[in-house]
Amino acid sequence: MALPLLLLLLLTAHVAPSECGCDGRLYQKMINDLCFNHFKEEMGRLDSGTWCSWPETMETYEGLTNCTCQVALRMDCFWPNQLVDDFFMKIHNTYFHHCALTGRLLSEPSIGILTPFIGASMLITLLMTTVVVWRSKRTEGML
């Protein structure tokens, strides 16, 4: 009950940029109180075995990201910033530290994809060498 009221108060409050600017400690407290607590509640509803499944956690994670952005906008803070980076590092270390990096790392293409490219470049090199040699022998007699 208190979370929606705090969010409503924060979203409707007018903060004049020229009067106060960003208060880092207050911003950190607000994202912890509003965004993190809501995220923690949502993640608690999920089975911890599904935390590494992007389709299962995407909506919750996007909500967290949007919340930190909205709080930053209302408090006249830049977004993203170092506090947000540290905040998300804490989130990842707590909830996603054991998730595999599969699908995120670059990998070499399979041999079936590489073979045509390698073969074509070798054939072009041989063809160009043959043309140069043939052309050079042909012009020798004309000079």
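Does Cys 77 count as buried or exposed, and at what relative accessibility?

Guide: Cys 77 counts as buried, at 8% relative accessibility; buried stands for under 20% relative accessible area, exposed for over 50% and partly exposed for the range in between, with a 1.4 Å probe and protein chains only. The model is predicted, so local features are described only at pLDDT of at least 70 and side-chain atom pairs only at pLDDT 80 or more, while totals for chains, interfaces and linings use all residues. Residues are numbered from 1 along each chain as its sequence is written, and side-chain values use heavy atoms, with hydrogens and water left out.

The partner of Cys 77 is Cys 22, and their sulfur atoms lie 2.0 Å apart in a disulfide, the term for a pair of cysteine sulfur atoms within 2.5 Å. The bond links distant parts of the chain, 55 residues apart: Cys 22 stands in the loop between helix 1 (2-12) and helix 2 (24-45), and Cys 77 in the loop between helix 3 (54-74) and helix 4 (82-95). Helices (H or I, at least four residues) and strands (E, at least two) are DSSP runs, numbered from the N terminus. The link of Cys 22 and Cys 77 is right-handed, with 85 degrees about the S-S bond. In contrast to buried Cys 77, Cys 22 counts as partly exposed, at 40% relative accessibility.

This bond belongs to a set of 3 disulfides. A disulfide is a covalent bond between the sulfur atoms of two cysteines. Another joins Cys 35 to Cys 67, again with 2.0 Å from S to S. Cys 35 lies in helix 2 and Cys 67 in helix 3, so this pair ties together parts that are 32 residues apart in sequence. Both Cys 35 and Cys 67 are buried, and their link is left-handed, with -80 degrees about the S-S bond.

The remaining bond, between Cys 52 and Cys 99, also has an S to S distance of 2.0 Å. It links distant parts of the chain, 47 residues apart, with Cys 52 in the loop between helix 2 and helix 3 and Cys 99 in the loop between helix 4 and helix 5 (111-140). The torsion about this S-S bond is about -90 degrees, so the disulfide of Cys 52 and Cys 99 is left-handed. Cys 52 is partly exposed, at 37% relative accessible area, whereas Cys 99 counts as buried at 12%. With the bonded cysteines numbered in sequence order, the pairing reads 1-5, 2-4, 3-6. Cys 69 has its closest cysteine sulfur in Cys 67, 9.9 Å away, too far for a bond.

Of its 143 residues, 21% count as buried. Among contacts (heavy atoms within 4.5 Å) between residues at least 6 apart in sequence, 74% join residues at least 24 apart.

Aromatic residues form a further part of this setting. The structure holds 8 aromatic pairs, where rings of Phe, Tyr and Trp (its six-membered ring) pair if their centres lie within 6.5 Å, and planes under 30 degrees apart count as stacked, over 60 as edge-to-face and the rest as tilted. The rings of Tyr 95 and Phe 96 have centres 6.4 Å apart and planes at 50 degrees, so this pair is tilted. Tyr 95 counts as buried at 6% relative accessibility, and Phe 96 is buried with a relative accessible area of 14%. Both belong to one aromatic cluster, whose members include Phe 36, Phe 39, Trp 51 and Trp 54.

Thr 57 lies in helix 3 and is buried, with a relative accessible area of 2%.
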